[in-house]
Amino acid sequence: MQAKKIFYCFFLGVLFLLAICSTAAAASPFRRNVEVIVGYSAGGGSDICARTFSKIINDEKYLPATLNVLNKPGGNGAVAYTYVNGKRKDPHYLGFVTPAFFTVPMLTKTPFTYKDFTPICIFGADDWFYMVRTESPYKNFADFVKAAKAKPGEIRFGGPGTGGSNHIAVLEMAEQVGISVNYVPLLAGAEVMSAILGGHVDIGILNVSESANFIEAKQLRALATPAKKRVPLSPDTPTLQELGYNCTMSMMRALVAPGDIPKEAMEAYAAALKKVSEHPNWKSEFVDKYMFSAEFMGPEESKKAFDQAAAVYESNLKKLGLLQ
């Protein structure tokens, strides 16, 4: 009789545990591992950021699914965004956001826009400096503005590519300051650096992390930054806002999911990524290491920031004559 009671209790306990597990499984929107899609090659800033937060989530088990980073380069991110957009309603995909997320659909007429995705979070942004070589006669931003006003359209301003976020950051600054410059499109940040140091351009826009070694070696001087606040690498360099100009820009890094995913999945992602933003390894392995300007935003804040960013990009692309 005693054995029967023990068996009966054991049987009920097993049923209870199965019920709990079944309920938990039913509550989870995840059924398999998650693909984190990066539209650029391995080893770049987007890839490093994606692999850093994915590792923290996997190590800490912040989600009931494993995150795997997949690189799908091509079309300045268009290949990756097309892939994620094609997974509508499926919560097992994340797309890594850079400014191209907004500009590529505008310029190439893709079958989607940023509004077709589910905002998950914004991690923060990479900041820029407006840089000159140390031998430059521009000792501060006021010197540059004075020279630009004296020679409208003659100051050679180097930046990577045409119509990208760097170019737009130069246009926005020039408009707010009331000057015109001769924008010189170059291949990438390394070429901008060489052009500044070689005197082939008078000034250039550079990513903070790209310019760090040259600032420390006193080969380059930062005149100003369009960042929201001063950059620790060069604490004496003022922001444009501090100088009285209504201009704040940086290179957003964010995450989206396909459109119309379950609300539970969106909330689970946002909660996990919020924990990542507070994790010491995120600070040491990405924020500090790559001089990243961290400012976490959840889904609702991200949606508003996306709308604002898209409006700025669209306005400036029209000024460039790249959009009707």
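## Close-up views of a predicted protein chain

**View 1. Arg88, Asp116 and Asp260 join up in a network of salt bridges.** A salt bridge here is a side-chain nitrogen of Lys or Arg within 4 Å of a carboxyl oxygen of Asp or Glu. Side chains of opposite charge can pair when their charged atoms come close. This is a predicted model, in which local features need pLDDT of at least 70 and side-chain atom pairs count only at pLDDT 80 or more, while totals for chains, interfaces and linings use all residues. Residues are numbered from 1 along each chain as its sequence is written, and side-chain values use heavy atoms, with hydrogens and water left out. Helices (H or I, at least four residues) and strands (E, at least two) are DSSP runs, numbered from the N terminus. How open are the two side chains of this pair? Asp116 is partly exposed at 27% relative accessible area, and Arg88 is partly exposed too, at 37%. Buried means under 20% relative accessible area, exposed over 50%, and partly exposed in between, with a 1.4 Å probe and protein chains only.

**View 2. Arg32 and Asp90 reach across the sequence.** Their salt bridge brings the closest N and O atoms to 2.7 Å apart. Arg32 belongs to the loop between helix H1 (2–27) and strand E1 (34–38), and Asp90 to the loop between helix H3 (78–85) and strand E3 (93–97), so that the pair links distant parts of the chain, 58 residues apart. Is each partner buried or exposed, or something in between? Arg32 counts as partly exposed at 42% relative accessibility, whereas Asp90 counts as buried at 18%. Across the whole structure, a search finds 16 salt bridges.

View 3. Glu267 is partly exposed at 42% relative accessibility, and Lys263 is exposed at 54%. H9 has 15 residues and reaches 21 Å from its first C-alpha to its last, close to the 21 Å expected at 1.5 Å a residue; the expected span is 1.5 Å times one less than the number of residues. Which residues of H9 are buried? They are Ala265, Met266, Tyr269, Ala270, Ala272, Leu273 and Val276.

**View 4. Helix H6 is largely enclosed by the rest of the structure, because 10 of its 13 residues are buried.** Helix H6 covers residues 165–177 and reaches 18 Å from its first C-alpha to its last, close to the 18 Å expected at 1.5 Å a residue. Its buried residues include Ser165, Asn166, His167, Glu172 and Met173. Also among them are Ile168, Ala169 and Val170. Just after H6, look for Gly178, which takes a positive phi of about 90 degrees.

**View 5. Thr239 is buried in a loop between two strands.** Those strands are E9 (220–224) and E10 (251–258). Thr239 counts as buried at 3% relative accessibility. Which residues does Thr239 contact, leaving aside neighbours within four places in sequence? They are Thr225, Ala227, Lys228, Lys229 and Arg230, where contact means heavy atoms within 4.5 Å.

**View 6. Ala190 is exposed, with a relative accessible area of 51%.** Ala190 lies in helix H7 (residues 189–197). Its C-alpha is separated by 20 Å from that of Ala125, 65 residues apart along the chain.

**Setting for the views: the protein chain has 11 helices and 11 strands.** Its C-alpha trace spans about 100 × 45 × 30 Å along its principal axes. Buried residues make up 48% of its 324 residues. Of the contacts in the chain with a separation of 6 or more, 78% are between residues 24 or more positions apart.
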